[in-house]
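Reader: I would like to work through this model one feature at a time. Please give the general idea where there is one, and then the case at hand.

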Amino acid sequence: MATATLCQWHSSSSSSSLCHISSSSSSSSLCHISSSSSSSSFCGRVACRAHQPQAVHLSVSTSSPDKTIFQIENSGVIACLRANSAEVAYEAANAAIAGGISVLEIVMSTPGVFEVIKQLVKEHPIMALGVGTILRIEDAKAAVNAGAKFLMSPAIVKDVMYYIQSGEVLYIPGTMTPTEILSAYDAGAKIVKIYPVSALGGSQYISALKKPFPKLSMVASQGINLGRFLSLVLLIILMKI
């Protein structure tokens, strides 16, 4: 049974509301912010965890990427933020955090994205903070230097994959087909983004993909509205039965 809580964020440039939906039967939630201006926007990416027959317990020896995956799966959602200024991005990020978001991604199109991430990492060192729409190795390096715990791309960027592979930062490449998923997995990906999931069939497509890839965690991205979110939550619950 899902419950919803609502909090308000007001700034001089925009007025937005944060809807945080959590399920008592699955560790999943959706963040969606609707704004009356174009200064900032949020969207939700739903995490579908890999099948795990036994509970996962983090140990001291667990790698940082594995810890970040655990945080993402435990949250069930990656809140994706884009804004037209660093100031608005910082304010919106703090509003989301205050509303209960524990995994937050700021996209590359946001001005001053690395400075915002760096400041947020200082203030919230335990949170999983990342940078999205990484397309160039230079941006990946800048994000890592800023303290990002994960990087996400709309496609498989091989230079970034090889750069991140043995480091302490998680890379989530974007994939669409089983062939792309397998290529990412063979290259070392521990989790992939399925994009654009709404155009591919939503929860039915994710369900079909989980059959040949039961041990690979997936992030459903693009077009995640309330209806699609509830379908994905049901899929996660059924996967756990």
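Author: Begin with helix 8 (residues 203–210), whose buried residues are Tyr205, Ile206, Leu209 and Lys210. Because these residues cover an arc of only 135° around the axis, they lie on the same side of helix 8. Keep in mind throughout that the model is predicted.

Reader: Now the strands. Which residues of strand 6 are on one side and which on the other?

Author: The general idea is that side chains in a regular strand alternate between the two faces of the sheet. In strand 6, Val103, Glu105 and Val107 are on one side, and Leu104 and Ile106 are on the other. Both faces are covered, and these residues are all buried. Five of the five residues of strand 6 (residues 103–107) are buried, so the strand is largely enclosed by the rest of the structure.

Reader: In which sense does strand 6 pair with strand 5, and over how many bridges?

Author: Strand 5 (residues 77–83) pairs with strand 6 in the parallel sense, over three bridges.

Reader: How many bridges join strand 6 to strand 7?

Author: Five bridges join strand 6 to strand 7 (residues 128–132), and the two run parallel. Valine 107 stands opposite glycine 132, and isoleucine 106 has valine 131 as its bridge partner in strand 7.

Reader: How many of the residues of strand 7 are buried?

Author: Five of the five residues of strand 7 are buried, and the strand is mostly covered. Ala128, Gly130 and Gly132 are on one side of strand 7, with Leu129 and Val131 on the other.

Reader: What joins strand 7 to strand 8?

Author: Two bridges join strand 7 to strand 8 (residues 150–152), and these strands run parallel. The bridge partner of glycine 130 in strand 8 is phenylalanine 150. Strand 7, helix 4 (residues 137–146) and strand 8 make a right-handed β-α-β unit.

Reader: Which strands pair with strand 11?

Author: Strand 10 (residues 174–175) pairs with strand 11 in the parallel sense over two bridges, and threonine 175 stands opposite isoleucine 194. Strand 10, helix 6 (residues 178–186) and strand 11 make a right-handed β-α-β unit. Strand 11 also pairs with strand 12 in the parallel sense, over four bridges. Here lysine 193 stands opposite valine 219 in strand 12. Both faces of strand 11 (residues 191–194) are covered: Ile191 and Lys193 are buried on one side, Val192 and Ile194 on the other.

Reader: Turning to the core, which members of the largest nonpolar core touch the most other members?

Author: In this core of 48 residues, they are Leu104, Val131, Leu151 and Ile194. Helix 2 (residues 86–98) gives the most to the core, with six residues. A second, separate core has eleven residues, including Ile72, Ile78, Phe150 and Met152.

Reader: What does leucine 151 touch?

Author: Leaving out residues up to four places away in sequence, leucine 151 touches Val131, Ile134, Ala140, Ala143, Val144, Val160, Ile164, Val169, Leu170, Tyr171 and Ile172.

Reader: Where is glutamine 222 found, and which residues does glutamine 222 touch?

Author: Glutamine 222 is in the loop between strand 12 and helix 9 (226–240). With a relative accessible area of 30%, glutamine 222 is partly exposed. Beyond residues up to four places away in sequence, glutamine 222 touches Tyr195, Pro196, Val197, Ser198 and Ala199. The C-alpha atoms of glutamine 222 and valine 197 are separated by 5.9 Å, although the two are 25 residues apart along the chain. With serine 198, glutamine 222 makes a side-chain to side-chain polar contact of 2.4 Å.

Conventions: Residues numbered from 1 in each chain as written. Predicted model: local features only at pLDDT ≥ 70, side-chain atom pairs only at ≥ 80, totals over all residues. Heavy atoms only, no water. Buried < 20%, exposed > 50% of the residue type's maximum accessible area, 1.4 Å probe, protein only. Arc of directions from axis to C-beta. Core = buried A, V, L, I, M, F, W, Y, C linked by side-chain atoms within 4.5 Å. Contact = heavy atoms within 4.5 Å. Polar contact = N/O pair within 3.5 Å; in protein donor to acceptor, adjacent residues only side chain to side chain. Pairing = 2+ DSSP bridges. Right-handed = clockwise from strand over helix to strand, strands pointing away.
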